[in-house]
Amino acid sequence: MKASAPGKIILFGEHAVVYSRPALAVPVTQVHVDVEVLDSSRPGIWIHAPVIDLHAELASLPSDHPIASVILKLIQLFGISQTPDLEINISSTIPVASGLGSGAAVSVALIRSLSSFLFHPLSDDEINPLVYEIEKLHHGTPSGIDNTVITYNMPVYFIKGQPVETFKTGKPFTIVIGDTGIPALTKESVGDVRLLWLRNTTYFENIFNEIAQISLIARRSIESGKPELLGELMDQNHALLQEMTVSSPELDRLVTAAKNAGALGAKLSGGGRGGNMFALAEQATAESVANALISAGATRTIITEIS
Ligand code: MEV
């Protein structure tokens, strides 16, 4: 049984979204996780995830291992006492710890594939809260935006704890994603922001409020077919993320390079400290923005149209 899940990019509002401010995210289908579950001729549940060099039987993994915990959760949910012998093949083109949602995508694809194989296919509405539980195990205090945008595979305007809202693009626009190649754990940047927020709550609440305004205006600009207005908003959002201490010299270098190459705006995306940034570009300049990102040290770029 095969299933897959896309990557994602947060357009606006990362970190502030953990504090119940709105954020916008879109799926990135150029990168994805694919999972196949098959009957096995040997006893046990065998997991193969070559990208993380994992070839192991379920029982040999700690129960809080990100992949093991998904499988154990499903077995428990379905009340399966006699576990079948399985081979689970996981492949991914989403770089790990890069802000593109690789962890949530593995959970979504794995739940989709395994639940169907076990004759309990789950709907997106059932998968989303399960993946959120797994995200909580591994990320501390996630907002839930990653699991939501990846499960539903649609653009989302997300506010923690509220029903999922999608948004439509009035006019397509092009973004160029650039990877610093530096892995960074979201859990750490989210934890650091929490400490700073506890120490200086008013200051951080004000930053989050400014970001909330940016997300609101960005949604309106996208829906009303004025995506060119996003450039300025991206620059403002990036400056606020810098104040939050979640940017890095490498991210800032890529942001500057993209702007110098004609991008209308640029910002880091996701947890920050490493991982990915993206820039808004005219279709005609997207290629040269991508080249400028590579010259400035990006390990890979993705040009994608948001429509
Ligand atoms: C991670 O993709 C986005 C953060 O806002 C964390 C979260 O929302 O859980 C940094």
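Me: Is K136 buried, exposed or partly exposed?
Reply: This is a predicted model, where local features need pLDDT of at least 70, side-chain atom pairs count only at pLDDT 80 or more, and totals for chains, interfaces and linings use all residues. Residues are numbered from 1 along each chain as its sequence is written, and side-chain values use heavy atoms, with hydrogens and water left out. Buried means under 20% relative accessible area and exposed over 50%, with partly exposed in between (1.4 Å probe, protein chains only). K136 has 35% relative accessibility, so it counts as partly exposed.

Me: Which residue forms a salt bridge with K136?
Reply: A salt bridge here is a side-chain nitrogen of Lys or Arg within 4 Å of a carboxyl oxygen of Asp or Glu. The closest N and O atoms of this pair are 3.4 Å apart. K136's partner is E133.

Me: How many residues apart in sequence are the parts that R219 and E165 tie together?
Reply: R219 and E165 form a salt bridge, with their closest N and O atoms 2.7 Å apart. R219 lies in helix α6 and E165 in strand β7 (residues 165–166), so the pair ties together parts whose separation in sequence is 54 residues.

Me: Are α6 and α7 roughly parallel or roughly antiparallel to each other?
Reply: Helices (H or I, at least four residues) and strands (E, at least two) are DSSP runs, numbered from the N terminus. Helix α6 (residues 201–223) and helix α7 (residues 230–243) pack at an angle of about 160 degrees, with axes 10 Å apart. Axes are lines fitted to C-alpha atoms, for helices over the stretch in contact, and angles run from 0 to 180 degrees between N-to-C directions. Angles under 35 degrees count as roughly parallel, over 145 as roughly antiparallel, 65 to 115 as roughly perpendicular and the rest as oblique, so α6 and α7 are roughly antiparallel.
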